[in-house]
Amino acid sequence: MKNYALLVFLTLGIMFNATAKASSDIVKAEIIIHTADEYVKIKSSELTPPVIEEILKQYPTSKLGGAFKNDKGEFKLIMVLKSGTRKTVYIDQYGNWINKR
């Protein structure tokens, strides 16, 4: 009878220890969202005159492959160079070039 009582107590002790350990091992995960500058595709007609002037100065033989704009009024332009390669450049609405990596 002693052995049965000891076995019951051991079993209960192991069960409670396993339950306590499982609940203490729960990890709280935090989700961190970094808001990147999201660019929305626009038509080339939506580019401002200073931007068009700068494009013509810097890339006179290139074609505009795509134009995108973010909430800050910055443009992301995909230029197709004469060699056929594509180059992504950034410029603000006033025609100032932006260095982004």
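Residues are numbered from 1 along each chain as its sequence is written. Because the model is predicted, local features need pLDDT of at least 70 and side-chain atom pairs pLDDT 80 or more, while totals for chains, interfaces and linings use all residues; side-chain values use heavy atoms, without hydrogens and water.

**Exercise 1.** Find how strand 3 pairs with strand 2 and with strand 4.

*Solution.* 
1. Recall the terms. Strands are DSSP runs of E with at least two residues, numbered from the N terminus. Two strands pair if DSSP finds at least two bridges between them.
2. Take strand 2 (residues 63-69) and strand 3 (residues 75-80). They pair in the antiparallel sense over six bridges. Lys-63 stands opposite Val-80.
3. Look at their hairpin. Five residues lie between the strands, and Gly-73 has a positive phi near 85 degrees.
4. Move on to strand 4 (residues 86-91). Strand 3 pairs with strand 4 in the antiparallel sense, over six bridges. Here Phe-75 faces Ile-91.

**Exercise 2.** Which backbone nitrogens does the side chain of Asp-92 reach?

*Solution.* 
1. Locate Asp-92. It sits in the loop between strand 4 and strand 5 (97-98).
2. Apply the cut-off. A polar contact is a pair of N or O atoms within 3.5 Å; within protein, one must be able to donate a hydrogen and the other to accept it, and residues adjacent in sequence count only if both atoms are side-chain atoms.
3. Read the distances. The backbone nitrogen of Tyr-94 is 3.1 Å from a polar side-chain atom of Asp-92. For the backbone nitrogen of Asn-96, the distance is 2.7 Å.

Note on methods
Helices (H or I, at least four residues) and strands (E, at least two) are DSSP runs, numbered from the N terminus.
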